[in-house]
Amino acid sequence: MQEYTPTPCGDPMRERKLCNFTGLTAVTRTPENPMGNLSRRAMLGATGGLIAGGLLKTQADAITLDETTATSIGALPTGAPQPSAPQEAPQDPTKVIGRFTSDLGERAPGEQPRRIINRPSPSSSSRTPLQDLRGIITPADLHFERHHAGIPAIDPERYELLIHGMVDRPMTFSLSDLKRYPATSRLCFVECSGNGGAAYRTNAAREVTPQQIDGLTSTSEWTGVPLSTLLREVGAHEDATWLLAEGGDAALMARSVPMEKAWDDAMIGYGQNGEAIRPEQGYPARLVLPGWEGNAQVKWIRRIEISDQPFMTRDETSKYTDPLADGTARQFSLVMDAKSTITFPSYPNVLPETGWWEIRGLAWSGRGKITRVDVSTDGGDTWEPAELQEPVLSKCHTRFRHLWNWDGGEALLMSRAVDETGYVQPALKTLIDARGEGTSYHYNSIRPWKVESDGRVFFGQAEAQ
Amino acid sequence: MRAFSLLRVALVTTIATLGCQSGGAPSGGAPSGGGSGDAPATFGFGQDATPAQIAALDIDVRPDGTGAPPGSGSVEEGGRVFAAKCAVCHGATGKEGPNDVLVGRDPREGFPFGATRGFRRTVGNYWPYATTLFDYINRTMPMTAPGSLTADEVYATAAYILYLNEIIPEDAVMNAQTLPAVMMPARDRFVPDNRTGGPEIR
């Protein structure tokens, strides 16, 4: 087994980024140890740098257990500090009693992924740290944000969803009404259709992370009531073709949605990853439209109006439309096409040595399941199919991995998603040829990553021409 | 054995009674035991919405004018509202920002926004429907006091922005009849999504 600690390269910024990266690379896979088992020594090594000057004094040091405490869960000697706060790692955790149970968990001190905030403004976004995710689920507090007039504070007791228009019985539903209906859950991604704009240029910046480029996509398990259930409840007319979904935020965000989608797999969601939807994701309830652009999945939903025409709100005319090179603009381009991105290795990673590395990434399609992800290490000259991690779910982030034996030469890494309709994620030039360089939204071209011979990794769009 | 059977009967009876008390399924079809069964067409959860409840929330204005409220506003009145409440974010003439640029007709010919990055999209060169101005301003503008404008002020502000974009004359008045009748320069540029999945890249 080979182990390493990050090599300082003289750049304190890079060194700090490398430190964040030790969890992934404390152990290198080798032919002798293909599983790359993380040894006890490696784990201690990763935290050993935090401990200086011998024994640490922690809160736990001050605890002395007596008979009463040992037999009474949760009880402590009077005056003893409750060792529930995160502690610095002792030299030998087996010789110090650990902290007790707590009413709310916390991340390990050294694992503190963060969203990147675009700008402090009522209309802004924050991005999911894709490079820090391991499976397909996005922790709810790292789900990307996009809102247009801030995050509203909504009293769940006063919340109501109104459904009216082309219905037999206009109705309002309280949150408890919504929760009483038969519930459904599904895993699916939500992606802002503006995601990836930084990659839609041949001279794209090199020093950008997966989070900066594509962090406006996240996957959650959403729980709620199928919208079709509510449409039956109000008696939505059969000849209705569109609905307006309107949010209860200060933007009164409003989007028209075809009834076909509403009857198919739309949901009024109130649960996210096992808990109530987070305020920034639409608490107490939002529209979930699996596979469709995030903006249409109206958060804080307060009103649905059933109609036989689209409403032509600002966010489906002035915004969220795709001007094309032929002098038109595509409207209601709601489905997110297949896309993938490599999340490791990526900027600002540095591969410290040659040998086996696992290329890892995420792929997704708004049209169904990912059926294949191809990986190239030579700029697209040759491709090999990556392993897809089960479960592979429709309209959901799918984890792919590909084992790569790096020989130390320059490499241009790419991934190419294929979905069940046969759609193949295009190269940037193909997409520009189809839509024009001035288009907006739906930037799903292949993401290249350049590995330099010294192991540094950069976003490689410029080299991929 | 006999005792067990009696117990079962008692349990079933109890469950059936509880099922009736909770209302059960209004459309029938559920088994008399009140346990599992086919889902009813409707459940009866939720409340009927009153006309007043609907009217309080139903603010959208569609391209054909549906939903446009009574009231009216002139270009001149809109200029005053704009200077007082809009210019701080959109600039004195709607061109200066820092937030969205609202005014501008360049290029006068064509619709090159897909082909090149060179042109800012404005109300005048990109928005397909004038009614969207009313709908949007009324929803959420001004940003610091969303929903604070009267219908007259919203009509007037829409009129002023359309005038600055050289779409309506200086003496125009916008109301529920005139606003939907405004033909926007980019009206015919918008097309439905033609992406369908499959091998073709569109």
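Me: Which residue is the bridge partner of A:V375 in β24(A)?
Reply: This is a predicted model, in which local features need pLDDT of at least 70, side-chain atom pairs count only at pLDDT 80 or more, and totals for chains, interfaces and linings use all residues. Residues are numbered from 1 along each chain as its sequence is written, while chains are lettered from A and ligands numbered from 1 in the order in which they are written. Strand β20 (residues 370–376) of chain A and β24(A) run antiparallel and are joined by six bridges; helices (H or I, at least four residues) and strands (E, at least two) are DSSP runs numbered from the N terminus, and two strands pair if DSSP finds at least two bridges between them. In β24(A), A:V375 is partnered by A:S415.

Me: Why is strand β24 of chain A largely enclosed by the rest of the structure?
Reply: A residue is buried if 20 or more other C-beta atoms lie within 10 Å of its own, exposed if 12 or fewer, and partly exposed in between, with C-beta atoms placed from the backbone. Strand β24 (residues 411–419) of chain A is largely enclosed because the buried residues among its nine number eight.

Me: Does A:T421 count as buried or partly exposed?
Reply: A:T421 is in the loop between β24 and α9 of chain A. Leaving aside neighbours within four places in sequence, its contacts (C-beta atoms, placed from the backbone, within 7 Å) are A:R367, A:G368, B:G197 and B:G198. Because A:T421 has 17 C-beta neighbours inside 10 Å, it counts as partly exposed.

Me: Which element supplies the largest share of the side of chain A that touches chain B?
Reply: The contact takes 57 residues from chain A and 46 residues from chain B. Among the elements of chain A that each supply at least two residues of its side are β6, β7, α7 and α9 (428–435). The largest share, four residues, comes from α9(A).

Me: How many of the eight residues of helix α7 of chain A are buried?
Reply: Helix α7 (residues 227–234) of chain A is mostly covered. The cover over its buried residues includes β6 (160–165), β7 (171–174), β9 (217–226), α8 (259–264) and β12 (267–272) of chain A. Buried in α7(A) are A:L227, A:T229, A:L230, A:L231, A:E233 and A:V234, and the number is six.

Me: At roughly what angle do the axes of α4(B) and α5(B) cross?
Reply: Axes are lines fitted to C-alpha atoms, for helices over the stretch in contact, and angles run from 0 to 180 degrees between N-to-C directions. The residues in contact include B:F134 and B:I137 of α4(B) and B:A158 and B:I161 of α5(B). The axes of helix α4 (residues 131–140) of chain B and α5(B) come within 9 Å and cross at roughly 125°.

Definitions and conventions:
Contact = placed C-beta atoms within 7 Å.
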